[in-house]
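This report describes a single protein chain from its fold down to selected residues. Please consult the sequence and the coordinates while reading.

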Amino acid sequence: QVQLAESGGGLVQAGGSLRLSCTASGRTFSSYAMGWFRQAPGKEREFVAAILWRGGSTDYTDYVKGRFTVSRDNAKNTGYLQMNNLKPEDTAVYYCAAGTYSTTPRRYDYWGQGTQVTVSS
């Protein structure tokens, strides 16, 4: 079992930045790929970014490329999502997940509770 907890969400103006953290406990976090997903009201959960367990390869949805950066520190059992130049359309609940490197939610076995990100125009 891996327990995940996100933090760092909040309210920010368009063009601003936030850094989300995902702290893991339980089984070895470094054994899993880490993904970030988001879900806006009335919409399905969508892929945002992922990083391999080694921290080498990353993947992003086109909409956040150049604005978001995913990283991890396995020594601290923590993953990060740096979000710059935020837009109102980025408003959603953001979730981190641990599992198999993929853009598909069902490939991830463990999920955090989510953290709200609200971007005002």
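Does Asn77 count as buried, partly exposed or exposed, and at what relative accessibility? Asn77 counts as partly exposed, because its relative accessibility is 28% and the classes are buried for under 20% relative accessible area, exposed for over 50% and partly exposed in between, with a 1.4 Å probe and protein chains only.

## Basis of the model

The model is predicted: local features need pLDDT of at least 70, side-chain atom pairs count only at pLDDT 80 or more, and totals for chains, interfaces and linings use all residues. Residues are numbered from 1 along each chain as its sequence is written, and side-chain values use heavy atoms, with hydrogens and water left out.

## Fold and dimensions

The chain has 11 strands and 0 helices; these elements are DSSP runs numbered from the N terminus, with helices being H or I of at least four residues and strands E of at least two. From the N terminus on, the order of elements is β-β-β-β-β-β-β-β-β-β-β. The radius of gyration is 13 Å, close to the 14 Å that the globule rule gives for 121 residues, so the chain is as compact as a globular protein of that length. That radius is taken over C-alpha atoms, and the globule rule is 2.2 Å times the number of residues to the power 0.38.

Along the principal axes, the C-alpha atoms fill a box of roughly 40 × 25 × 25 Å. Among contacts with a separation of 6 or more, 56% come from residues 24 or more positions apart, where contact means heavy atoms within 4.5 Å.

## Surface and charge

Of the 121 residues, 44% count as buried. The chain exposes about 6000 Å², of which carbon and sulfur atoms supply 44%; the areas come from the Shrake-Rupley method with a 1.4 Å probe, and for residues only the protein chains shown count as cover.

There are 13 positive and 9 negative side chains, and the centres of the two sets lie 4 Å apart. Lys and Arg count as positive and Asp and Glu as negative, without His and the chain ends; each charge is placed at NZ of Lys, CZ of Arg, CG of Asp or CD of Glu.

## Aromatic cluster

A pair of aromatic rings is described by the distance of the centres and the angle of the planes. Rings of Phe, Tyr and Trp (its six-membered ring) pair if their centres lie within 6.5 Å; planes under 30 degrees apart count as stacked, over 60 as edge-to-face and the rest as tilted. The count comes to 6 aromatic pairs. In one of them, the ring centres of Phe37 and Tyr108 are 5.3 Å apart and the planes stand at 75°, so the pair is edge-to-face. This pair links distant parts of the chain, with Phe37 in strand 4 (residues 33–39) and Tyr108 in strand 10 (residues 108–111), 71 residues apart.

Phe37 is buried at 0% relative accessibility, and Tyr108 is buried at 4%. Tyr108 also pairs with Trp111: the centres are 6.3 Å apart and the planes at 65°, so this pair is edge-to-face. Trp111 is partly exposed at 27%. Ring pairs link Phe37, Phe47, Tyr95, Tyr108 and Trp111 into a cluster.

## Loop residues

Asn77 lies in the loop between strand 7 (68–73) and strand 8 (78–83), and its phi is near 55°, a positive value in a residue other than glycine. Asn85, in the loop between strand 8 and strand 9 (92–99), has a positive phi of about 50° although it is not a glycine. Asn85 is partly exposed, with a relative accessible area of 43%.

Pro41 lies in the loop between strand 4 and strand 5 (46–51) and is exposed at 75%.
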